[in-house]
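Look at the fold first, and then at the pairs of side chains that link one part of the chain to another. The paragraphs below begin with one such pair.

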Amino acid sequence: MKVTGIAILFWPLSMILLSDKIQSSKREVQCNFTEKNYSLIPADIKKDVTILDLSYNQITLNGTDTRVLQTYFLLTELYLIENNVTILHNNGFGKLSSLEILNICRNSIYAIQQGAFLGLNKLKQLYLCQNKIEQLNADVFVPLRNLKLLNLQGNLISYLDVPPLFHLELITLYGNLWNCSCSLSNLQNWLNTSNVTLENENITMCSYPNSLKSYNIKTVPHKAECHSKFPSPVTEDLYIHFQPISNSTFNSSSKNLTRNSEHEPLGKSWAFLVGVVVTVLTTSLLIFIAIKCPIWYNILLSYNHRRLEEHEAETYEDGFTGNPSSLSQIPETNSEETTVIFEQLHSFVVDDDGFIEDKYIDIHELCEEN
């Protein structure tokens with residue numbers, strides 16, 4: 001009788017728990033579209049889907065994908081492992097306010113815009129592992145107020161500001177190109193003073209400088225390194241600029257100086273600078289050539305003489321005789337006659353007094369007549 005009374009007493013409670021379990025199971029709707037070679041997110045999925053797996057396809061998360069994805073506002077888990085995503089655009093997940101797990105590992109992500117995670121207020125786990133992220137602005141994590149796990153393993157990150165994730169419990173950072181100079185000291189202090197756990201701490205090693213490669217980023221003696229090699233922040237930034245990590249190192253150092261909320265990739269800055277320098281040099285060279293070429297041409301033309309040939313000399317002298325055909329009409333002319341003619345042609349020389357001297361006039365006879 002007592003057992004029956006106890007069973008009757010707890011029967012309503014058991015029914016409530018059972019109904020909650022049935023309702024929760026009904027609310028969980030899974031859709032698996034892995035390895036379908038999709039290039040776009042399908043738009044004909046059930047709108048009440050809660051777990052969507054689109055891994056191992058060709059999805060890029062372009063504008064069309066974003067619009068379709070916003071219609072699945074009941075999603076709690078989204079898996080986009082090994083697709084062709086390269087950029088996480090602003091408000092790409094804006095309407096997925098119920099999303100708790102987002103996995104975009106093994107893509108080709110190299111840029112994350114400032115508002116990429118807006119609206120993900122309930123997100124607890126974010127996986128960005130094995131991508132091509134070179135720089136990451138910590139402010140992109142501001143909307144993730146309930147994030148517990150952040151995985152950045154296997155990227156190209158060399159520097160990271162302290163992320164404003166006060167509730168973060170686990171962070172994965174190994175497999176990156178960490179530059180353990182003074183610029184990493186803030187991250188190190190945050191790892192040592194906060195409640196966050198650094199996963200695989202023993203293999204989260206420094207890549208630069210060479211003298212610190214044997215340390216992990218949480219225990220590296222950065223203070224000694226700063227005092228010995230980088231006595232000032234300017235020297236530290238110059239050192240970082242010339243590290244052969246990747247093009248992103250320059251932007252990382254610039255971020256220390258400017259603290260901008262969003263940076264442009266390095267390649268654009270250097271391409272613009274090189275373009276300006278090449279344009280200036282080319283313009284200067286063209287101006288120099290335009291100025292100097294006429295002078296060089298005149299100098300070259302003034303020295304471009306050649307010896308007159310015999311027939312050209314005769315033609316030239318004929319021009320002064322007033323009868324160009326007179327010499328050509330002579331049937332036979334020997335060398336002595338040619339010499340006499342040549343002397344006659346050159347005998348008429350203008351003197352300073354303006355008179356023409358006739359060498360055939362006998363000077364002595366002229367004197368006797370006078």
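**Salt bridges, sheet and disulfides**

R106 forms a salt bridge with E82, and their closest N and O atoms are 3.8 Å apart. A salt bridge here is a side-chain nitrogen of Lys or Arg within 4 Å of a carboxyl oxygen of Asp or Glu. The two residues come from distant parts of the chain, 24 residues apart: R106 is in the loop between β5 and β6, and E82 is in the loop between β3 (77-79) and β4 (87-88). R106 is partly exposed at 37% relative accessibility, and E82 is partly exposed with a relative accessible area of 37%. Buried means under 20% relative accessible area, exposed means over 50%, and partly exposed lies in between (1.4 Å probe, protein chains only).

This is a predicted model: local features need pLDDT of at least 70, side-chain atom pairs count only at pLDDT 80 or more, and totals for chains, interfaces and linings use all residues. Residues are numbered from 1 along each chain as its sequence is written, and side-chain values use heavy atoms, with hydrogens and water left out.

The whole structure has 2 salt bridges. In one of them, K218 pairs with E201, the closest N and O atoms being 3.8 Å apart. K218 lies in the loop between β12 and α4 (222-229) and E201 in the loop between β11 and β12, so this pair ties together parts that are 17 residues apart in sequence. K218 counts as buried at 17% relative accessibility, whereas E201 is partly exposed at 26%.

Now turn to the sheet. Helices (H or I, at least four residues) and strands (E, at least two) are DSSP runs, numbered from the N terminus. Two strands pair if DSSP finds at least two bridges between them. An open sheet is formed by 8 strands in the order β1-β2-β3-β5-β7-β8-β9-β11, with parallel pairing. β1 (30-32) and β11 (197-199) each have a single partner strand, so one side of each has no neighbour in the sheet. Within the sheet, β7 (residues 125-127) and β8 (residues 149-151) pair over 3 bridges, and Y127 stands opposite N151 in β8.

How many disulfides are there? The count is 2, a disulfide being a pair of cysteine sulfur atoms within 2.5 Å. One joins C105 to C129, with 1.8 Å from S to S. C105 lies in the loop between β5 (101-103) and β6 (111-112) and C129 in the loop between β7 and β8, so the link ties together parts 24 residues apart in sequence. Another disulfide joins C180 to C206, with 1.9 Å from S to S. Both C180 and C206 are buried.
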